[in-house]
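Reader: I am new to this structure. Please take me through one part of it closely, and keep it brisk.

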Amino acid sequence: MTFDLGAIDGGAVAAPPRRTSNLRLLWRDRLGRTGLILLAISALMAILGPIVFPFDPAQVGANSASILQPPSLTYWLGTDELGRDVFSEFLAGARISLFVGLMATLISTIIGAGVGVISGYFMGPVDGGLMSMTDFFLVVPALPLMIALGAIFGQNLLIIILVIGFLSWPRTARIVRSQTLSLRQRQYVARAKSLGASDFRIIRKNIAPHVMQLIVANTILVVAGCILAEATLSFIGLGDPDRISWGSMLHFAFVSGAIGRGAWWYFLPPGLGILLVVLAFTLVGHAFERIDNPRLRGSA
Amino acid sequence: MPPLLRRVLVLCASIFAVLTFNFFLFHIIPGDPIRLIARSQRLDPEAVARLRTTYGLDGSLPEQYGKYLSNLAHGDLGYSFSLHENVADIVGRALLNTLILLTVSTLIVVIVGIAIGVFAGSRQGTRSDSTTVVTSLVFWSLPTFWVGMLLVFIFGVWIGGLPISGITTPNAVYGNWFQYISDIGRHLILPTLTLAIVDIAFFVIITRTSLLEVMGEDYMLTARGKGLSRRTMVWKHATRNALLPVVTASVLYISALVAGAIQVEVVFSWPGMGLLMYNSVMARDYPTLEACFLLTSVAVLVANFCADLIYRRLDPRVTVGT
């Protein structure tokens, strides 16, 4: 039996080819379009930037006159407290910040969707146990926990990604669970069951695809949260010392006293970069929410 | 089982889970915690044994766990090796300072945020509504610590005029209580402003969304049919109902509030739990870090419990059932 059981129910599922029309709706939404454009700019910056303007962390200034230099033709965004080029450092930071944010979101979405689907599909004690765990992680303050874990397990990129990813899933799990609960009541799930489909097959064929469509908005907002979390952790001084992100740039700007010396070219760009990327994901995420819930429309 | 008792039990279970989690976190540090504490590979066995006893790391794991719980029950949070003082004393002082900061900023954030949210939501589709939404989304996307850094630059370096560090002026002599309090008040301005700039946006967005949902309800149509004025409709009928989801959402805000406070305290050297946590990370002072994490988590669990009670009190519908 190779045909998609979900297709039998056709009309009742109300799932027309949504993906393309979603993107079109997003483009029609003024804020969504702004977000998409900002996203494209950030992606370009992170992918091409370090190739065109490679950052060499070892290339430190020769003498004290070369540190914290204001912007000039040689150094478009001046130099940092070690006399390195802030502009190429900024581009290298874009790559790390986006990479950590996306990877952490991937982990968080896999865990969240997994816990949510299993919990909502099997219900009963499985649901009780998983949701107690979810509620626990939902209320335990994330940043102190991330700081504790980061301080204990050391500072490298993988640890940071894992820590952020493992602490950002509870909301996704909650949303996926409630969607799964309502999906499993649908007729086509009952039909698939009566045709002898296994639980695994029903989840894979009839539940997961629909759930995935519904958590797009949430997932995009999670990226924004993960990028902010990385920036904050790195600012606290728990960033990977070998891989400079925007957050760790701000950490070094802060501890080296760049603010007191008025070196705005050092602490303005990374912050604006974080704002740009987080805002881009937030705008797109909220635009998706408006598409899913028309009552919220009228703001843009 | 009565609902209240059930919630108290859940709270106790959560606190116990945090305690246990905390124990495993700091007692099963990868590698030997003693090596991390001593920051040296070469230690004579006698010194290692002494350090083990000092930090409660001797004996089997269940023994350590028992000792850990009994120490906690006696209010003994260990000894800070970077500050050379009992952690409980350090944390006590820091907690008070954090509470001052959080009380003032939360009051401002919640009141201003809800007011702006209702204002924007009741003018859905207008220019002032869309401006408010866009501004809120931009502000909510700002990293709190960076806003703090900008304010330090503006008010500490560029324009000047406001204190950018600490809770009081160093070596100040106060003639009376009022001077002392107003000095703290002046030091509170920038940290509070930082939290407000970022966090007000959260309540604006949540309140607006919730108000829009309520405005679409049938009873709002009835209210309009009765010929009620716009003001009465929005503030008396819609806002009251719209505030319920806002209370629920505040639970999520508590975690963001803690995160924001940590960052603000670091940037402005506000001597609270956040700065303490930062300093103990820098000094790798595990006993202090452990206590900070434990207390923050328990405080947040208790705050959640209270928010839940308030919610149940406000909305009679939820008391039935669970």
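Reader: Of the 322 residues of chain B, what percentage count as buried? After that, please look closely at the contact between helices H3 and H13 of chain A.

Author: Of the 322 residues of chain B, 38% count as buried. A residue is buried if 20 or more other C-beta atoms, placed from the backbone, lie within 10 Å of its own.

A word on the model. It is predicted: local features need pLDDT of at least 70, side-chain atom pairs count only at pLDDT 80 or more, and totals for chains, interfaces and linings use all residues. Residues are numbered from 1 along each chain as its sequence is written, while chains are lettered from A and ligands numbered from 1 in the order in which they are written.

Chain B holds 13 helices and two strands. Helices (H or I, at least four residues) and strands (E, at least two) are DSSP runs, numbered from the N terminus. The C-alpha trace of chain B spans about 85 × 60 × 40 Å along its principal axes.

Chain A has 13 helices and zero strands. Of its 300 residues, 48% count as buried. Take the contacts in chain A between residues at least 6 apart in sequence: 74% of them join residues at least 24 apart. Two residues are in contact if their C-beta atoms, placed from the backbone, lie within 7 Å.

Now the helix pair. H3 covers residues 30-52 of chain A, and H13 covers residues 264-292 of chain A. They pack at an angle of about 145°, with their axes 8 Å apart. Axes are lines fitted to C-alpha atoms, for helices over the stretch in contact, and angles run from 0 to 180 degrees between N-to-C directions. The crossing of H3(A) and H13(A) is left-handed: the near helix is turned anticlockwise from the far one by less than a right angle.

Which residues touch? On H3(A) they include Leu31(A), Gly32(A), Leu38(A) and Ser42(A). On H13(A) they include Leu276(A), Ala280(A), Leu283(A) and His286(A). The residues of this contact divide into eleven nonpolar, five polar and no charged. Ala, Val, Leu, Ile, Met, Phe, Trp, Tyr, Cys and Pro count as nonpolar, Asp, Glu, Lys and Arg as charged, and the others, Gly among them, as polar.

H13(A) also takes part elsewhere. The contact between the chains takes 42 residues from chain A and 46 residues from chain B. H13(A) gives the most to the side of chain A that touches chain B, with ten residues. That side divides into 32 nonpolar, nine polar and one charged.

Key
A residue is buried if 20 or more other C-beta atoms lie within 10 Å of its own, exposed if 12 or fewer, and partly exposed in between; C-beta atoms are placed from the backbone.
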